[in-house]
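Have the structure open while you read.

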There are 2 protein chains.
Amino acid sequence: MSQMQSVEKQLRQMILGLEIGPGEKLTERWIESRFGASRTPVRAALLRLETEGLVGRDGRGWTVSPINLAELEQIAVYREAVEVAALRLTCSLADRSAVDVIEAMLESCDNDTPREEWHRVGMDFHIELARLSGNEFLFRAVRDAMTRLSRARWLEVRDEAALSRAWAEHRAILASARLGDADEAARLLSGHIVGSRDRLVTSLANDRRGLRARGFAVVAA
Amino acid sequence: MSQMQSVEKQLRQMILGLEIGPGEKLTERWIESRFGASRTPVRAALLRLETEGLVGRDGRGWTVSPINLAELEQIAVYREAVEVAALRLTCSLADRSAVDVIEAMLESCDNDTPREEWHRVGMDFHIELARLSGNEFLFRAVRDAMTRLSRARWLEVRDEAALSRAWAEHRAILASARLGDADEAARLLSGHIVGSRDRLVTSLANDRRGLRARGFAVVAA
DNA sequence: GGCACCATCTTGGTATCCCAAATTGGTATC
DNA sequence: GATACCAATTTGGGATACCAAGATGGTGCC
């Protein structure tokens, strides 16, 4: 494989995994030496990550995008639009057996599952659910939105109760979808997204001071 | 301004203006000499245009994306989701006076207006309407979708009747939005998008042979 | 005459070099 | 001691040289 995609993948992983904090400055030369690649693939990676919203230009120079609470709220509205549309599409399909695959995905998490896995499955639920619609654009929209939310969700302090509640909501959405009850499924999904957003923004706003102390730039709403 | 953005802008213009036909092969070296730029800005431009869906990789090498009828249908569904969401948001705003600006935009077209201008305003209507929602993501989604549709709409044969009907629908949507009647506005917009899609796909499917004869790759639904 | 194989050329991918602008650090002056 | 100004280094953008892989065409063998 070309080294280009490798740089892109590794750099994205570092950003999403918060190994490089939100708001940190990036220099092409540092990335170059860090991954042993040359500047061309580094630039390609930065251009791609820019369109994903993970890095941005800071005048001249690059910056890892800060966590932006106003942006998180807007993304929630966007998610609601595209995820609900995708879900309604899925509910209208004749064969909805694919929801079982997602159900199984949820089941794969138990008390022994590491936090990373919970985090990943929590996002993949929404991404895979959107994929079932068969609409490539709705799917990509959801995937990109979840990518943008990923770091914030990782920073969020989630107690056990919130987590199991989210899982219950996921299951309820799947149940309605399986029955083809689009209105109910859409209602549940909307509620889930709005609730997630509220908890997320509240948590980050409360922790803002602590997060900044850890070097993470968090922009207020 | 850096030459990079110039190459990107000019190349995008050539693709959207069908000066380079859908399906045509592109070589970095040709672009390089055509615009008097070096390969670095050329590659940056191609990477950007790739994310916009205007060019794609063809194994090794680049190709101007063909017109894809299946994709057009999916985009219509996507548009419906994001545009309706944006419109509902706009309807819920206290101050909806900005719709008058869009109304004025429509008024700027009359019988003497060149076809290019009708085309541009027809797209800008949807883009600017989405911008009013104040949601950056919904706005970008609509803008990107319209960019992807742009070439197909340019190829579409539209008679006078269809054009004035579209304009009437635009005005009706604005009227409902001004009153804050979200449900009615959403209903009208949905109908408009679905109707546009049907006419567009039908027209292109009918003309497919002729378009291919002109060197334009058109992929069936 | 047709088909297979090899030389050559083309092309995108990578590395490196150069440049202009901006940031930075230090110094001299007030 | 603070500030303004200048030099040197850093940094991103652009250009170019090089490479490996794939396309192409021509030639020779069957």
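## The domain interface

Putting domain 1 and domain 2 of chain A together buries about 690 Å², and carbon and sulfur atoms account for 63% of that. Keep in mind that this is a predicted model. On the domain 1 side of chain A, Leu16(A), Leu18(A) and Glu52(A) do much of the work: they supply 57% of the area this domain buries against domain 2 of chain A, more than any other three residues.

The residues of domain 1 of chain A that touch domain 2 of chain A split into six nonpolar, two polar and one charged.

## Where the domains sit

The assignment for chain A puts domain 1 at 3-64 and domain 2 at 69-206. Nine residues from domain 1 of chain A and six from domain 2 of chain A make up the contact. Their C-alpha centres, for domain 1 and domain 2 of chain A, are 28 Å apart.

## A loop threonine

Now for Thr113(A), which sits in the loop between helix 5 (99-107) and helix 6 (115-132) of chain A. Thr113(A) counts as buried because its relative accessible area is 13%, under the 20% cut-off.

The Thr113(A) side chain comes to 2.7 Å from the backbone nitrogen of Asp110(A). Leaving aside residues up to four places away in sequence, Thr113(A) touches Ser108(A) and Trp118(A).

Terms used:
Residues numbered from 1 in each chain as written. Chains lettered and ligands numbered in written order. Predicted model: local features only at pLDDT ≥ 70, side-chain atom pairs only at ≥ 80, totals over all residues. Heavy atoms only, no water. Domains from an automatic or database assignment. Contact = heavy atoms within 4.5 Å. Buried area = accessible area lost by both parts, 1.4 Å probe. Nonpolar A, V, L, I, M, F, W, Y, C, P; charged D, E, K, R; others polar. Helix = DSSP H or I, 4+ residues; strand = E, 2+ residues; numbered from the N terminus. Buried < 20%, exposed > 50% of the residue type's maximum accessible area, 1.4 Å probe, protein only. Polar contact = N/O pair within 3.5 Å; in protein donor to acceptor, adjacent residues only side chain to side chain.
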